[in-house]
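Hello,

Here is the structure I said I would pass on. My notes on it follow below.

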Amino acid sequence: MPDTPDRPGRVQRRAKTAPGSSQQAEQLPQEPSLDEQIAAYQREFRDLDPQVEKVVSALGRLNRRMNVAYGRQVATLGISNAEWEVLKTLVLSGEPYRLGPGELAKRLGLTPAAMTHRIDRMASEGLVTRDRDENNRVRVIVELTDVGRTKWLEAMRMASDFEEELLQDLSSEERGVLGEVLIRLLRRVENTLPDAGGRLSDLE
């Protein structure tokens, strides 16, 4: 499951309409096709390069739809996108999957207050624990629980199935080429916009 800085902060769990249902789909406005969108852009902005626009618009739409799919998956596990981000960050830190609230906030691009609110919620749900550091009683440590790690593993399995299905029409060679191309684009953005690597504010 990739990073998702622009996905909705918290999945609404009380919605009665099942995600992806026909009723929900009927309520959504029809999105123009990429060709229709590019044609409209060219009509209003004649300097537009349609080849470039097709690439970036397709990437944007793909990212948005993948974010929705991931959000629906974690919702079935009873967690939100925001909680998934914390679980992922703790797992990436390595065993024993422990970080201070300040470090978590920094890695997620959140304010200390927003991070505290998120940790409070997750601790009440048994996803993490929050205790004083035995070696420094002033320092607080947030640690992943067995429940939290199980949720992370379940989400990863679901995401892996979805991603394999997404790329099923691409050969191994095509996947390799696509991956290298996307990495080149990512590196250019990272080099030109070094401060755009994560969320700068809480989106909850």
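Buried residues (under 20% relative accessible area with a 1.4 Å probe, protein chains only; over 50% is exposed and in between is partly exposed) make up 28% of the 204 residues in the protein. This is a predicted model, in which local features need pLDDT of at least 70 and side-chain atom pairs count only at pLDDT 80 or more, while totals for chains, interfaces and linings use all residues. Residues are numbered from 1 along each chain as its sequence is written, and side-chain values use heavy atoms, leaving out hydrogens and water.

The protein has eight helices and three strands (DSSP runs of H or I with at least four residues, and of E with at least two, numbered from the N terminus). Their order from the N terminus is α-α-α-α-β-α-α-β-β-α-α.

The axes of α4 (residues 81–92) and α6 (residues 112–124) come within 11 Å and cross at roughly 90° (lines fitted to C-alpha atoms over the stretch in contact, with angles from 0 to 180 degrees between N-to-C directions). The two helices are therefore roughly perpendicular (65 to 115 degrees).

In contact (heavy atoms within 4.5 Å) are A82, E83, E85, V86 and L87 of α4 with M115, R118, R121 and M122 of α6. These residues divide into five nonpolar, no polar and four charged.

R118, in α6, is buried, with a relative accessible area of 0%. The side chains of R118 and E85 form a polar contact of 3.3 Å (N or O atoms within 3.5 Å, one able to donate a hydrogen and the other to accept it).

Regards

Key. Parallel < 35°, antiparallel > 145°, perpendicular 65-115°, else oblique. Nonpolar A, V, L, I, M, F, W, Y, C, P; charged D, E, K, R; others polar.
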